[in-house]
Structures are given as C-alpha cells and as structure tokens.
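The following note sets out numbered points on the structure shown below. Please read it beside the sequence and the model.

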Amino acid sequence: SFDLALGDALEASGAELIVLAGYMRLLSPAFLKRFKGRVINIHPALLPSFAGVHGAADAVAYGVKISGVTVHFVEEIMDSGPVIIQAAVPCIPGESADELQARIHKQEHRIYPQAIQWLAEGRISLGPDGRMVYLAPSDAELAAPEAGVLVYPPLERGF
C-alpha cells in the first residue's frame with residue numbers, strides 16, 4: 001500500500017524520473033513496473049560486486065584493489081539493474097572502510113548529477129537485451145579526469 005500511495009503521489013506530481021539516494025527500502029515489483037526505466041539508484045561499489053548495504057566495508061574486508069560507485073537503473077533484484085555510469089576508486093592498503101567511503105562519496109557527487117543530466121537530455125537508452133546502456137554522443141567538452149579515478153562513460157565539463 002505504501003508503494004501504491006508513493007506511485008500515485010509521484011504520478012500526480014508529474015515526476016518523469018525517480019532518483020533514489022540513501023533510500024534503504026526495496027521497491028515492489030508493481031511500483032517498478034509502473035515506472036519502468038524511470039527509477040535510478042546510486043550504490044557505493046562497482047556493481048555487480050558488493051551489492052547491499054555495506055559496499056565500502058565489504059570491499060575493504062575482501063581486500064579488493066579497486067572499488068567505486070555505480071549509478072544504475074533499479075530492477076526487482078537489489079543492486080542488479082543496468083549500469084549507467086561507474087567511477088573506479090583505488091583501495092589504499094591499510095585504509096578504513098570510512099576512509100574509502102569518503103573517497104567514494106566524493107565521486108558519487110560527480111557521477112550522479114551527470115547521469116541525471118544525460119537522462120534529462122534523453123541521451124540514455126537501453127539495448128534490446130535490456131542490460132546494455134547506451135549514451136548518445138554530444139558536442140559537450142569532456143571534463144578533465146581526476147587523478148587516480150577512472151570514470152566511464154567520461155564526465156562532461158562541469159562535473
């Protein structure tokens with residue numbers, strides 16, 4: 001009933017895109033069907049690795065060399081939707097999960113607004129398989145890359 005009321009309120013508001021951030025609740029299949037292709041989320045890991053609540057802590061505990069952040073479309077299975085953009089952040093030996101999370105969080109603030117802009121411009125599309133995400137080209141100038149971070153697709157100027 002919560003998802004039904006939420007969906008009604010979003011529809012009544014004219015919302016075209018639902019942008020989740022820190023929304024620690026799974027959306028129902030009915031809600032996701034109603035807003036198919038219009039719900040995105042950000043996750044502090046390079047999906048499909050380390051889905052769930054503790055992406056940075058899981059990366060540190062596992063001893064990976066690279067972690068990061070993913071913006072993706074939301075599907076019924078948690079943290080499994082098609083990837084829009086990712087930023088890879090190196091894991092520094094001996095750093096804490098909180099330190100890694102802070103560096104990941106910095107990239108979240110860069111890639112999420114970029115993904116939202118691409119969606120607002122109508123430049124994002126899903127391939128026929130429903131998994132592959134495509135970004136239509138633009139004349140926008142690319143942003144200078146940040147040292148030690150890989151972002152793909154590349155950020156455009158201003159992000």
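Which residue in S7 is the bridge partner of Ala88?

1. The partner is Leu150, in S7. Strand S4 (residues 83–90) and S7 run antiparallel and are joined by three bridges; two strands count as paired if DSSP finds at least two bridges between them. Strands here are DSSP runs (E, at least two residues) and helices are runs of H or I of at least four residues, numbered from the N terminus.

2. This is a predicted model, in which local features need pLDDT of at least 70 and side-chain atom pairs count only at pLDDT 80 or more, while totals for chains, interfaces and linings use all residues. Residues are numbered from 1 along each chain as its sequence is written, and side-chain values use heavy atoms, with hydrogens and water left out.

3. The open sheet consists of five strands with mixed pairing, in the order S1-S2-S3-S4-S7. At its edges are S1 (18–19) and S7 (150–152), each pairing on one side only.

4. Helix H4 lies across S1, S2, S3 (66–73), S4 and S7, and runs at about 155° to S4. The angle is taken between N-to-C directions, from 0 to 180 degrees, with axes fitted to C-alpha atoms, for helices over the stretch in contact.

5. Ile116 belongs to helix H4. Leaving aside neighbours within four places in sequence, Ile116 is in contact (heavy atoms within 4.5 Å) with Leu17, Val19 and Ile40. Ile116 and Val83 are 33 residues apart in sequence and 13 Å apart in space, C-alpha to C-alpha.

6. The largest pocket has a volume of about 640 Å³. Of its 33 lining residues, Met24, Asn41, Ile42, His43 and Pro44 are the closest to its centre. A pocket is an open set of points on a 1 Å grid over the protein atoms alone, where a 1.4 Å probe fits, with protein on both sides within 12 Å along at least five of seven lines; lining residues have an atom within 4 Å of a point. The volume is the space filled by probe spheres set on the points, which are joined across faces, edges and corners.

7. H4 gives the largest share of that lining, seven residues. Strand S2 (39–43), helix H3 (55–62) and helix H4 (97–120) are the elements that give two or more residues to the lining of the largest pocket.

8. The second largest pocket holds about 270 Å³ of space. Among its 15 lining residues, the closest to its centre are Leu32, Lys36, Gly37, Val74 and Glu75. Helix H2 (residues 29–34) gives the most to this lining, with three residues.
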